[in-house]
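Welcome! Try each task yourself before reading the solution.

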Amino acid sequence: MKNLATLGNELYSGKTSIPFIAKRRIWYTVTAIIVIASAALLGTVGLNPGIDFKGGSEVTITGLAAPAEGPANTVLSDQGRSAGSTVTKLGSSSVRVQTTALDKADLDALSSGLASAYGVDAGSVSSTTIGPTWSSDVTNKAARGLLLFFLLIGGLIWIYFRTWKMAVAALLALAHDIIITIGIYALTGFEVTPATIIGVLTILGYSLYDTVVVFDKIRENTASFTAQTRSTYAELANLAVNQTFIRSVNTSIVGVLPVASLLFVGAFIMGAGTLRDIALTLFIGMIAGTLSSIFLATPLLVDLRRREKGVREQAERVEQARRARIDAAGDDEDAVEAILAAPKASPLTPGHHLGHAAQPKRRKKRP
């Protein structure tokens, strides 16, 4: 079996090629299934918005030697507030109770009951109420933040690469990442908090970075591609994905491993809601972002550009040149086999594609 370094060199040189573009219909089908499933989860199960988004009252009990959810559930049941309320352990010494919005008298009664149930003084119990105006403002700002991010990023990519088609392909890949993240969030039932929004913006930046690296390589490979007849635009784009494939995988592994540790620590050891919320978002989004930059963004770009007149005409010239090389080889089966086995796209060595050395070699027939 080839080691990673050897595989990476062969992918970069074109000696080995993974058909990312040729298999794009498979990637589209898999993506469509995942996106539809995520949308179905969002529509059926739905998200679990935190108190910052839906409003309500929150009581936190700190300084507990052995935090447990049972006493809080008992108090909520006795006061008839079990419906719509949640109890969560925070770390190793705190418990948080969230319920619907309460007036001051009811909130004081709940705080007093919780202090008695856990055997702590009033100073260890803190309470707050977030009204509908505040929660609506947070929701609107989160939506505006995502919309502004998309607009600015789309404009930046358009200006940097000087083509709107790269911007569209990148934004579609980002939308794929968001939908998958939201779908899995709905499936897990994790609470959507401001930390979740921060995580979403972070993973969008990560995904975009990976996509821009691939697109930058495509721009390098396809510079003046119409002036040659060795490879089509799609083949050069596929070469770019292959050349950055190992780098993308390594970067993702290095990024996902600490996030997975953070998720495990936050969810199962410390019980820290903020750590858990942002770590889950990062974990899902970083994996989805890597996959979308490899399997989705570049195939979309190729499909957006393949109907351009220049791209079509160049592809026809490449096909004609390949047929001419095979015809020139005549009956020499070895020469024909060598032409067919040669990489359809590989890094261009200056001058290597010109002159006598680039012509098919015809072996002498043995008598």
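**Exercise 1. How many helices and strands does the chain have, and what percentage of its residues is buried?**

Step 1. Count the elements: the chain has 13 helices and six strands. Helices (H or I, at least four residues) and strands (E, at least two) are DSSP runs, numbered from the N terminus.

Step 2. Know what you are looking at. This is a predicted model, in which local features need pLDDT of at least 70 and side-chain atom pairs count only at pLDDT 80 or more, while totals for chains, interfaces and linings use all residues. Residues are numbered from 1 along each chain as its sequence is written, and side-chain values use heavy atoms, with hydrogens and water left out.

Step 3. Look at burial. Buried means under 20% relative accessible area, exposed means over 50%, and partly exposed is in between (1.4 Å probe, protein chains only). Of the 367 residues in the chain, 42% are buried.

**Exercise 2. Which strands form the open sheet, and in what order?**

Step 1. Trace the order: the four strands run S3-S4-S2-S5, with antiparallel pairing. Two strands pair if DSSP finds at least two bridges between them.

Step 2. Find the edges. Strand S3 (86–90) and S5 are the edge strands, since each pairs on one side only.

Step 3. Zoom in on one pair. S2 and S5 are joined in the antiparallel sense by six bridges, and Thr60 has Ser126 in S5 as its bridge partner.

Step 4. Place the helix. H5 packs on the sheet and touches S2, S4 and S5. The direction of H5 makes about 25° with that of S2 (axes are lines fitted to C-alpha atoms, for helices over the stretch in contact, and angles run from 0 to 180 degrees between N-to-C directions).

**Exercise 3. What span should helix H5 have, and what covers its buried residues?**

Step 1. Apply the rule: the expected span is 1.5 Å times one less than the number of residues. H5 (residues 104–118) has 15 residues, so it should span 21 Å; its end C-alpha atoms are 21 Å apart, which agrees.

Step 2. List the buried residues of H5: Leu107, Leu110, Ser111, Gly113, Leu114, Ala115 and Tyr118.

Step 3. Find their cover, which includes strand S2 (56–61), helix H4 (70–78), strand S4 (94–99) and strand S5 (125–130).

**Exercise 4. Is Arg162 buried or exposed, and what about Ser224?**

Step 1. Locate them. Arg162 sits in the loop between helix H6 (132–161) and helix H7 (164–188), while Ser224 sits in the loop between helix H8 (194–221) and helix H9 (233–269).

Step 2. Compare with the cut-off. Arg162 counts as exposed because its relative accessibility is 76%. Ser224 counts as exposed because its value is 59%.

Step 3. Check the backbone. Most residues other than glycine have a negative phi. Arg162, not a glycine, has a positive phi of about 60°, and Ser224, also not a glycine, has one of about 55°.

**Exercise 5. Which residues touch the most other members of the largest nonpolar core?**

Step 1. Define the core: a set of buried Ala, Val, Leu, Ile, Met, Phe, Trp, Tyr and Cys residues joined through side-chain atoms within 4.5 Å.

Step 2. Name the residues: among the 44 members, they are Ile157, Leu204, Phe215 and Ile218.

Step 3. See where the core comes from. H6, H7, H8, H9, helix H10 (273–295) and helix H11 (297–305) each give two or more residues, and H9 supplies the largest share, ten residues.

Step 4. Follow Leu204. Not counting residues up to four places away in sequence, Leu204 touches Leu146, Phe149, Phe150, Leu174 and Ile178 (contact means heavy atoms within 4.5 Å).

Step 5. Look for another core: a second, separate one has 17 residues, including Leu64, Leu107, Val120 and Val125.

**Exercise 6. Why is H11 described as largely enclosed?**

Eight of its nine residues are buried, so the rest of the structure largely encloses H11.
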